Amino acid sequence: MHISEGILSAPVLVAGASLTATAVGYGLKKMAYKQMPKVAILSSVFFVASLIHVPIGPSSVHLILNGIIGLLLGWAAFPAILVALAFQAILFQFGGPTTLGVNTFTMAFPAIICFYLFNRGIKGKNNFFALTLAFICGFLSVLLSGIMVATALLFTGEQFMQVAKLILIAHLPVMILEGILTVFCVGFLRKVRPEILDLDA
Amino acid sequence: MKGRLYLILIFLFLIIIVINIPIFAHKVNIFTYVEGNKVYTESYFNDGKKCVSSKMEVFDNQGNKWLEGLTDQEGNFSFEIPQEEGDLKIVLTASMGHRAECIIRADELRNTTGLVQENLKEPTSKESTESILVYKMGEENKVVSPEISSQNLKEVQLLIENILDEKLTPVMREIKKSQEDKISPTEIIGGIGYIFGIFGIIAYFLNRKK
């Protein structure tokens with residue numbers, strides 16, 4: 001879901017970059033010193049996850065994992081994803097330096113939405129309910145990212161519905177897979193170390 | 001502490017998985033070659049999937065669009081070389097915001113087309129017959145008739161071209177393979193190291209503030 005160089009127009013790039021800059025600033029301010037190792041680890045998880053291709057479906061897609069990153073990091077997801085994307089751009093030429101802002105926003109903003117939607121729920125007493133929410137979180141984060149990418153491409157003159165449909169169909173396997181992965185992660189953390197889920201943004 | 005250890009273990013596990021599966025960068029590539037008076041392109045995502053019916057645009061060196069088309073089911077696209085001189089830029093726009101471009105230099109185009117065509121056009125001209133005659137005088141034992149020029153030259157040229165195409169196909173394939181830049185474990189582990197380093201620096205500055 002990385003948008004390449006030279007596709008988006010300047011206003012979209014600038015808008016993406018400024019939104020990302022603001023959110024990263026806020027994320028850094030909110031980030032507690034104690035949270036640092038967790039942010040670093042999840043940032044590298046994001047960095048590596050994009051290399052895992054999902055060989056199902058019509059197009060070339062990979063894991064994103066922004067749902068679980070949002071759940072575990074809150075606003076710190078923005079700096080984490082920005083750093084990971086920057087290194088993906090430098091080392092693997094995914095996306096590029098100018099689209100960094102837009103790409104960060106399309107992936108980190110859904111993470112924040114998921115955080116606010118599901119942060120309470122996954123800590124609840126009822127195990128089944130919490131895990132269902134975790135699945136929805138993983139699923140929804142990719143879905144929202146797809147919609148955001150389609151929105152960014154909208155200004156390049158492509159048909160929104162067409163692009164959105166294409167992205168969503170291509171990412172359906174990823175959505176399901178990420179839902180399952182999020183269930184495993186949340187289930188595991190609930191048992192082993194529930195305090196990691198305790199996070200007030 | 002125990003939980004954090006588990007996290008690190010999961011993370012290491014992820015790395016091991018990643019290193020053991022073939023990894024390709026998530027981007028699109030164009031591979032081009034010139035054959036006769038046509039330019040052939042193949043486009044593919046780095047995991048090997050072809051870019052089916054993606055938009056291809058060809059620009060001349062002034063940036064004017066020269067032609068536009070769609071790739072076929074195999075991700076192939078070909079077009080005839082335009083008459084004007086100058087570099088050609090090929091831009092591929094694949095689905096979901098992927099884009100790649102590649103430039104074919106003018107001399108590359110001329111080498112394969114210009115020379116061949118010139119030779120074909122004037123094999124009967126004075127110069128070529130003269131040179132053949134000279135050749136004949138030099139080596140008297142060899143019988144080279146002047147008539148070799150027009151008909152045979154064409155055939156020989158075609159033959160050479162065919163043989164070259166045949167012989168070069170595997171080489172082309174190898175070049176294409178080497179262009180598919182696979183990601184090495186070094187880069188992955190290096191990247192992870194950089195990320196930890198960056199957050200180490202951020203932690204340092206956050207700590208100093210307090």
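In H2(A), the buried residues (20 or more other C-beta atoms within 10 Å of their own, C-beta atoms being placed from the backbone) are A:Lys38, A:Val39, A:Ala40, A:Ile41, A:Leu42, A:Ser43, A:Ser44, A:Val45, A:Phe46, A:Phe47, A:Val48 and A:Ala49. Because twelve of its 14 residues are buried, H2(A) is largely enclosed by the rest of the structure. This is a predicted model, in which local features need pLDDT of at least 70 and side-chain atom pairs count only at pLDDT 80 or more, while totals for chains, interfaces and linings use all residues. Residues are numbered from 1 along each chain as its sequence is written, and chains are lettered from A in the order in which they are written.

Confidence
- The predictor gives the complex an ipTM of 0.77 and a pTM of 0.71.
- Chain B averages a pLDDT (the predictor's confidence in each residue, from 0 to 100) of 71, and 65% of its residues score at least 70.
- Over residues 113-139 of chain B, pLDDT stays under 50.
- Where pLDDT is low, the predicted coordinates should not be read in detail.

Definitions and conventions: Two residues are in contact if their C-beta atoms, placed from the backbone, lie within 7 Å. Helices (H or I, at least four residues) and strands (E, at least two) are DSSP runs, numbered from the N terminus.
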